[in-house]
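Dear colleague,

Please find below the sequence and structure that I am handing over to you. My findings follow, grouped by region.

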Amino acid sequence: MNTLRGLRPVCHSFGPTPPSTRLFSSTGRLHADFTHAVVGAGAVGLAIAKRLQQIAGASVVLIEKHGMVGSETSSRNSEVIHAGLYYGHDSLKTKLCLKGKQMMYDYCSRNHISHMNCGKWVVAQDQDQLDSLEDVHKFAGSIGVPTRFISAEEAKQREPDVRAEAGALESPSTGIVDSHGFMQFMHGEFEDLGGITALASPVTRIQAPTAGNGDWKIWTAPPQASEPQPSSPSAAVPELEGEDTSITAETIINSAGLYACAINNMILPEERHRTPFYAKGTYFSYSKSFPNPKTLIYPAPIPGHGGLGTHLTLDMAGRVRFGPDVEWVDSPNDLAPSPNSKRFAAALEDIKSYLPGIDTDAVSLDYAGIRPKLGKLGAVASGKGFQDFYIKMEEGYDGFVNLLGIESPGLTSSLAIAEEVYEILYRGGKASQSMDRQEVIREPGKEFGIGGDQ
Ligand SMILES: Cc1cc2nc3c(=O)[nH]c(=O)nc-3n(C[C@H](O)[C@H](O)[C@H](O)COP(=O)(O)OP(=O)(O)OC[C@H]3O[C@@H](n4cnc5c(N)ncnc54)[C@H](O)[C@@H]3O)c2cc1C
């Protein structure tokens, strides 16, 4: 028996089920150690792991390099439940955002996860911007997302501090969510279902199935002497004592966020390697209680922009924050909020355009997150070079579902992305041959039942 030292089952704090423990063996087996291995425990990896563990007979291992789940991009974002206004007609982003939004509201309501359907306004200060709001409104109508123009009178009455010279478009289905509460709940549910989490286990190498062995082999480095802090995730495999350990799995899902290209490159041949690009977004806090809008405020979208503009969002405590801006950086570790005075001044200008009463002395640098990009591409469909989500079973690599470029609206879409991965696997891939009971779904506290997130 070769017990894997790098894969540590963890305990969680709710539910009647005792912590999952399982011995791992990679010798003398007839079957893989796990049915599914999910690499990366951000919001997306957690949602996928939970979804796959719901399948009767599944044994999912969720492998995370940090000592805790959700400590990279999933805890460095705006926590907005996006309506799906910007991503074009036939994109995965639109499809999964619309479905994910509904699933997110249902899931959070059902499980008492802190969230609020506070709505948002997109504001225009001139005719060009108003034209772009018209486009957003038309597009929203065509995909069944409610939006409406607010009269100047109503705008003044509801948000007297917000400037919207040329008009404001309201998106009532936008909201906010406590992303940490959301991830913690999914993690607990995953483990209640019997899933195994391997923390502090950076994946270092992956071997695709061979003629003699039909399983994926995944190596992880042993737990690190000092685990990386959430504020400084390390790009490189850390220096470690001891040997890597390996497990086998029937399928592998790459949801490694900013490092997903690295996982891609461990598996696919050189001509299919990917180069990651990083678009950092810095946030700004606001220490005064006035002005304090009750609605999220976004500037009109700028075609080809890497993000959605320096907008105003609220957290669940009603605190205002601004951001994120867009800055191309070379490293996924470049997470310190950018103190660049030119960028700061530009962000303040953006903010003052829709919130002129802001006390700029009370605005300070807060935190930053980095968008995983596949090129220097735009986040919205208008303009050139739109980047969509990339979610595919890789050709010639049965059982490998690859998720790249999962930037915004990845949090909103996470539950729908999990469904998408499930469908990809069971629409005719390897998993559907080896597990034919996919319609039977487990729920926590019940051995079998019909359920899921919908
Ligand atoms: C500035 C910003 C604002 C955003 N705002 C919003 C928003 O308001 N609404 C919204 O819907 N979306 C938003 N997003 C997008 C959203 O945050 C992401 O799409 C989502 O969090 C991605 O989740 P993930 O699980 O794919 O990635 P991550 O959260 O990055 O998780 C990936 C995990 O993989 C792990 N990992 C990496 N390499 C390895 C390895 N070799 N071995 C083991 N583990 C590994 C990492 O440690 C990490 O925990 C925003 C993103 C940014 C950057």
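**Thr-412 and its surroundings**

Thr-412 touches Ile-81, His-82, Cys-97, Gly-100, Lys-101 and Met-104, leaving aside residues up to four places away in sequence. Please bear in mind that this is a predicted model. Thr-412 belongs to helix 8, which spans residues 410-426. The residue counts as buried because 30 C-beta neighbours lie inside 10 Å, where 20 or more are required for that class. Thr-412 and Leu-96 are separated by 316 residues in sequence, yet their C-alpha atoms are 8.4 Å apart in space.

Lys-101 and Ser-414 lie 313 residues apart in sequence and 9.0 Å apart in space, C-alpha to C-alpha.

**The chain as a whole**

The chain contains nine helices and 22 strands. Of its 454 residues, 50% count as buried. Among contacts with a separation of 6 or more, 77% are made by residues 24 or more positions apart.

**The ligand shell**

Which residues come nearest to the ligand? Of the 40 residues around the ligand, these are Gly-40, Gly-42, Asn-77, Gly-257 and Gly-410. Helix 1 (43-53), strand 18 (363-373) and helix 8 (410-426) are the elements that give two or more residues to this shell. By class, the shell divides into 17 nonpolar, 17 polar and six charged residues.

Helix 3 covers residues 127-142. At 1.5 Å a residue, its 16 residues should span 22 Å, and the C-alpha atoms at its ends are 23 Å apart, which agrees with that expectation. Its buried residues are Gln-129, Leu-130, Ser-132, Leu-133, Val-136, His-137, Phe-139 and Ala-140. These residues pack against strand 5 (120-124), strand 6 (148-150) and strand 7 (167-171). Just after helix 3, Gly-144 adopts a positive phi of about 80°.

In helix 6 (residues 260-267), the buried residues are Ala-260, Cys-261, Ile-263 and Asn-264. Viewed down the axis of helix 6, these residues fall within an arc of 160°, so they line one face of the helix. Their packing partners are strand 1 (34-39), strand 10 (203-207), strand 12 (245-254), strand 18 and strand 20 (400-404). Strand 18 is also one of the elements that contribute to the ligand shell.

**Backbone features to note**

Two cis peptide bonds may be of interest when you prepare the model.

- Gly-323 and Pro-324 are joined by a cis peptide bond with omega of about -10°. Pro-324 sits in the loop between strand 16 (320-323) and strand 17 (327-329).
- The bond from Ser-408 to Pro-409 is cis, with omega near 10°. Pro-409 is in the loop between strand 20 and helix 8.

- His-112 has a positive phi of about 55° although it is not a glycine. Its place is in the loop between helix 2 (92-110) and strand 4 (115-116). His-112 counts as exposed because it has 9 C-beta neighbours inside 10 Å.
- Ala-200, likewise not a glycine, has a positive phi of about 50°. It is found in the loop between strand 9 (196-198) and strand 10. Ala-200 is buried, with 23 other C-beta atoms within 10 Å.

With kind regards

Note on methods:
Residues are numbered from 1 along each chain as its sequence is written. This is a predicted model: local features need pLDDT of at least 70, side-chain atom pairs count only at pLDDT 80 or more; totals for chains, interfaces and linings use all residues. Helices (H or I, at least four residues) and strands (E, at least two) are DSSP runs, numbered from the N terminus. The expected span of a helix is 1.5 Å times one less than its number of residues. A residue is buried if 20 or more other C-beta atoms lie within 10 Å of its own, exposed if 12 or fewer, and partly exposed in between; C-beta atoms are placed from the backbone. Two residues are in contact if their C-beta atoms, placed from the backbone, lie within 7 Å. A residue is near a molecule or strand if its C-beta atom, placed from the backbone, lies within 6 Å of it. Ala, Val, Leu, Ile, Met, Phe, Trp, Tyr, Cys and Pro count as nonpolar, Asp, Glu, Lys and Arg as charged, and the others, Gly among them, as polar. The arc is that of the directions from the helix axis to the C-beta atoms.
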